[in-house]
Amino acid sequence: MTKKLFLSAIIKFFAGLILVGILVFLPAGSFSYINGWIFIALLFIPMFLAGIVMMIKNPALLKSRLNAKEEQKEQDLVVKLSGLMFLCGFIVAGLNFRFSWHKLPDAVVIAATVLFLISYALYAEVMRENTYLSRTIEVQENQKVVDTGLYGIVRHPMYSATLLLFLTMPLVLGSAYALLIFLIYPFIIAKRIKHEEEFLEKELDGYKEYKQKVKYRLIPFIW
């Protein structure tokens, strides 16, 4: 661990926290948006704890994820579409609170909160299983195919976790209208997976055999 890595992690963490706070509370027009506080706590407290663990146990992974920049044009478009989805979704959720368009029942918010935490746990497990995990599509030096644990169930468990994570976000925020925007994510991630698998088949030894062994990409018995 270095001071530079620590400072970079802290700066990006608080920058993300402030940005999300602005996107959620500014449209809401009030800090009394309880769902917004719940969401921010659910998102950033585990993120902070995971960052500490990575900084201690695997600083190289933390560094690669902090400095990740997608260089492939097609995947850069996927990242931008995802960013637009978050921007529109958070704003709509805040406006939903401000103008009382439609409030989801507390039971839905509670169930979404539980699923959100489960998806975070799955994401953490994926990072534990695959030390080559990166935010960009690349093959690292000495990288090998991981086919155990969650990778023995679906080929892209990280995306499975993010799918559940992102689709529960608007529900935690209490907005059915925001959910309609986030429903674009499965199509965005499907496009990314298609391109990623084409890349891995060419660049990663054993990936073709892995595809034959593990049939499902994202959701067991479905796709």
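## Phe166 and the nonpolar core

In this predicted model, Phe166 is in contact with Met85, Phe86, Phe182 and Tyr185, once its neighbours within four places in sequence are left aside. Phe166 also belongs to the largest nonpolar core, a set of 48 residues in which Phe39, Phe90, Phe116, Phe166 and Met169 have the most contacts. At least two residues of this core come from each of α1 (3–28), α2 (34–57), α4 (73–99), α5 (106–129), α6 (157–172), α7 (176–182), α8 (185–203) and α9 (207–213). The most is given by α6, which supplies nine residues.

In soluble globular proteins, nonpolar side chains tend to be buried together.

## A nonpolar patch on the surface

Nonpolar side chains are also found on the surface, where Ile45, Phe48, Leu49, Ile52 and Ile56 form a patch with about 480 Å² of accessible area together. Phe48, which is found in helix α2, has a relative accessible area of 36% and is therefore classed as partly exposed.

## Glu197 and its charged partners

Which residues does Glu197 touch, not counting those up to four places away in sequence? They are Arg155, His156, Tyr207, Lys211 and Arg217. Glu197 is found in helix α8 and, because its relative accessibility is 4% and the limit for buried is under 20%, it counts as buried.

Arg155 forms a salt bridge with Glu197, in which the closest N and O atoms are 2.7 Å apart. This pair links distant parts of the chain, with Arg155 in the loop between α5 and α6 and Glu197 in helix α8, 42 residues apart; both partners are buried. Glu197 also meets Lys211 in a salt bridge at 3.8 Å, N to O. Since Glu197 lies in helix α8 and Lys211 in helix α9, this pair ties together parts that are 14 residues apart in sequence. Lys211 is partly exposed, at 23% relative accessible area. Through shared partners, salt bridges join Arg155, Glu197, Glu201, Lys211 and Arg217 into one network.

## A salt bridge within helix α8

The count of salt bridges in the model comes to six, and one of them brings together the side chains of Lys194 and Glu198, at 3.0 Å from N to O. These two residues are four apart in helix α8, so about one helical turn separates them. Lys194 is exposed, with a relative accessible area of 56%, whereas Glu198 is partly exposed, at 39%.

Side chains of opposite charge can pair when their charged atoms come close.

Terms used: Residues numbered from 1 in each chain as written. Predicted model: local features only at pLDDT ≥ 70, side-chain atom pairs only at ≥ 80, totals over all residues. Heavy atoms only, no water. Core = buried A, V, L, I, M, F, W, Y, C linked by side-chain atoms within 4.5 Å. Buried < 20%, exposed > 50% of the residue type's maximum accessible area, 1.4 Å probe, protein only. Contact = heavy atoms within 4.5 Å. Patch = residues over 30% accessible without salt bridge, like charges linked within 9 Å, V, L, I, M, F, W, Y side chains within 5 Å. Areas by Shrake-Rupley, 256 points an atom, 1.4 Å probe, with all protein chains shown as cover. Salt bridge = Lys/Arg side-chain N within 4 Å of Asp/Glu carboxyl O.
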